[in-house]
Amino acid sequence: MSKKILIDLSKFRLCDDKSCDQSPPEGFFSIPPNVNGLKSIRELAVFQFTCRKCEDAPCISVCPAEALEKDSDGMINRYTNLCISCKSCVAICPFGTMMTDFFDHHRKKDMYFDLSDEHELNKFIKACPQGAITLVDSDENPKENIYKLNDKILIKEHIWNTDQK
Ligand code: SF4
Ligand code: SF4
């Protein structure tokens with residue numbers, strides 16, 4: 001697949017406001033046998049682009065399971081093996097970084113798609129909120145709030161400080 005996958009996080013945030021019937025699907029490039037506890041592409045994206053990297057991160061201090069940690073670059077990481085899905089970090093974050101479906105660790109297996117397979121990718125696009133996923137030939141473009149997560153994924157998000165890129 002030569003095109004990149006552009007993920008518009010704002011469309012998923014609308015879903016997170018309970019306007020969708022079910023949790024959005026997840027896409028991976030290599031699906032391991034045990035999908036429980038896997039972190040989604042969106043979770044990696046929000047910690048990179050949405051999170052404001054608070055100095056005294058309230059999400060870390062509120063977590064009863066010590067499941068959140070900040071790395072040397074200020075990036076938050078969630079240890080899924082420790083997380084008890086209480087969602088306290090979602091409630092306390094003043095910037096709406098996390099989406100509640102990140103903590104649905106036991107969603108149906110048919111909601112996971114292998115994005116390296118064109119057929120699966122098309123099913124994934126249809127299962128996501130309308131307009132949330134597009135396939136593009138373009139690259140990172142901060143003027144349009146589009147940022148590179150990796151070689152295959154672009155993220156559209158209104159980040160708080162363009163200097164962080
Ligand atoms: S509270 Fe929210 S913005 Fe602040 S570090 Fe935690 S996730 Fe990031
Ligand atoms: S949902 Fe998980 S990471 Fe968030 S506060 Fe609860 S245990 Fe910690």
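The model is predicted, so to speak of a local feature takes a pLDDT of at least 70 and side-chain atom pairs count only at pLDDT 80 or more, while totals for chains, interfaces and linings use all residues. Residues are numbered from 1 along each chain as its sequence is written, with chains lettered from A and ligands numbered from 1 in the order in which they are written.

The chain holds five helices and eight strands, taken as DSSP runs numbered from the N terminus (helices H or I, at least four residues; strands E, at least two). Read from the N terminus, the order is β-α-β-α-α-β-β-α-β-α-β-β-β. Of the 165 residues, 25% are buried, that is, have 20 or more other C-beta atoms within 10 Å of their own, against 12 or fewer for exposed and anything in between for partly exposed, with C-beta atoms placed from the backbone.

As for the ligands, a residue is counted around one if its C-beta atom, placed from the backbone, lies within 6 Å of it. The shell of ligand 1 includes Cys 51, Cys 54, Cys 59 and Cys 93, along with Arg 52, Lys 53 and Ile 76. By class, this shell has eight nonpolar, one polar and two charged residues; here Ala, Val, Leu, Ile, Met, Phe, Trp, Tyr, Cys and Pro are nonpolar, Asp, Glu, Lys and Arg charged, and the others, Gly among them, polar. Ligand 2 is surrounded by 14 residues, the closest being Cys 63, Ala 65, Cys 83, Cys 86 and Cys 89. Its shell splits into ten nonpolar, two polar and two charged.

Met 75 lies in the loop between strand 3 (68-70) and strand 4 (76-78). Met 75 counts as partly exposed because 13 other C-beta atoms lie within 10 Å. Leaving aside residues up to four places away in sequence, Met 75 touches Phe 47, Gln 48 and Lys 70. Lys 53 is 22 residues away along the chain, with 6.5 Å between its C-alpha atom and that of Met 75.

Conventions: Two residues are in contact if their C-beta atoms, placed from the backbone, lie within 7 Å.
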